[in-house]
Amino acid sequence: ALPVTLSLAIGALILWLAIGMTLGVVAARFKGKWPDTASSVFVLLATSLPTFVTGLALLIWVTIKWKIVPLSLSGYVSIFNNPYGFFQYFILPWITLAIAYAAIYTRFTRAAVLETLGEDYIRTARAKGVNEKMVLRKHTLRAILAPIVTLAGLDFAGLIGGAIITETIFNLPGLGRLTLRSVYEFDLPVVVATTILAATVVIVMNLIVDMLYAVLDPRVRID
């Protein structure tokens, strides 16, 4: 079950970071204009829709009605053995989780970018003649990465603990379904094992996030 949940969590993490940070930066860059309004609408809709609604809608329309993504009946396959089958198997679960989490990251990134753009060192960089793209890429984005990495690490660890709803909708034999089935069957060793594994992932992700601070923030060093 672990490779299935890891594949689900890593793919969804990459997707929601790409969507959320992009929309957040664009919304902050064009504050008060139509991109900002469009991102706010996306955040409102994505926050309001629970994952079981989004997942079922994608399954019904994208797979059954429109047949854009064929229904994978072969089950989980490794990306090293069959990359096409792997992506076909996970693309809809990734999108389901990415929509839910991207809304949070869009709102968080927008607020962080706007706050950072008001700092004194940003005004100093602009006064020195640094162009706006360099200010955004080199100074602003690097400053907001630390809190985003912290949030992403905790969310990723939470998914490893079990994205039960998404795994159930798409029939993924991951840790969430395994834990739920073990609870129903009173299989105590499996419940304890999955709980210990989830706790270990939380600890490891916190350690990785703390170490990444030294890379992202020059003021932080590992002693």
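Biologist: Let's start with threonine 54: in which helix does it lie?

Modeller: Threonine 54 lies in helix 3, residues 51-65. Helices here are DSSP runs of H or I with at least four residues, strands are runs of E with at least two, and both are numbered from the N terminus. This is a predicted model, where local features need pLDDT of at least 70 and side-chain atom pairs count only at pLDDT 80 or more, while totals for chains, interfaces and linings use all residues. Residues are numbered from 1 along each chain as its sequence is written, and side-chain values use heavy atoms, with hydrogens and water left out.

Biologist: Is threonine 54 buried or exposed?

Modeller: Buried means under 20% relative accessible area, exposed over 50%, and partly exposed in between, using a 1.4 Å probe and protein chains only. Threonine 54 counts as buried because its relative accessibility is 9%.

Biologist: And which residues does threonine 54 touch?

Modeller: Contact means heavy atoms within 4.5 Å. Not counting residues up to four places away in sequence, threonine 54 touches Leu49, Thr96 and Ile99.

Biologist: Now another threonine. With which side chain does the side chain of threonine 5 make a polar contact?

Modeller: A polar contact is a pair of N or O atoms within 3.5 Å; within protein, one must be able to donate a hydrogen and the other to accept it, and residues adjacent in sequence count only if both atoms are side-chain atoms. For threonine 5, the partner is the side chain of glutamate 167, at 3.1 Å. Threonine 5 sits in helix 1 and is buried, at 1% relative accessibility. Leaving aside neighbours within four places in sequence, its contacts are Leu159, Ile160, Glu167, Gly174, Leu175 and Gly176.

Biologist: How should I read the packing of helix 1 with helix 2?

Modeller: Two packed helices are described by the angle between their axes and the distance between the axes. Axes are lines fitted to C-alpha atoms, for helices over the stretch in contact, and angles run from 0 to 180 degrees between N-to-C directions. Helix 1 (residues 2-29) and helix 2 (residues 34-48) pack at about 140 degrees, with axes 8 Å apart. The two are therefore oblique to each other; angles under 35 degrees count as roughly parallel, over 145 as roughly antiparallel, 65 to 115 as roughly perpendicular and the rest as oblique.

Biologist: Which residues of helix 1 and helix 2 meet?

Modeller: From helix 1 come Ile19, Leu23, Val26 and Ala27, and from helix 2 Pro35, Asp36, Ser39 and Phe42. The residues of this contact divide into 6 nonpolar, 1 polar and 1 charged.

Biologist: How do helix 5 and helix 6 lie to each other?

Modeller: The axes of helix 5 (residues 120-127) and helix 6 come within 10 Å and cross at roughly 160 degrees, so these helices are roughly antiparallel. Tyr121, Ile122, Ala125 and Arg126 of helix 5 make the contact with Glu132, Val135, His139, Thr140 and Ala143 of helix 6.

Biologist: What about leucine 136, in helix 6?

Modeller: Helix 6 covers residues 132-160, and leucine 136 is buried there at 17% relative accessible area. Beyond neighbours within four places in sequence, leucine 136 contacts Val25, Arg29, Val113 and Leu141. Its C-alpha atom is separated by 8.3 Å from that of leucine 117, 19 residues apart along the chain.

Biologist: Finally, where is valine 201?

Modeller: Valine 201 is in helix 9, residues 188-216, and is buried at 16% relative accessibility. Not counting residues up to four places away in sequence, valine 201 touches Ala157 and Ile160.

Definitions and conventions. Ala, Val, Leu, Ile, Met, Phe, Trp, Tyr, Cys and Pro count as nonpolar, Asp, Glu, Lys and Arg as charged, and the others, Gly among them, as polar.
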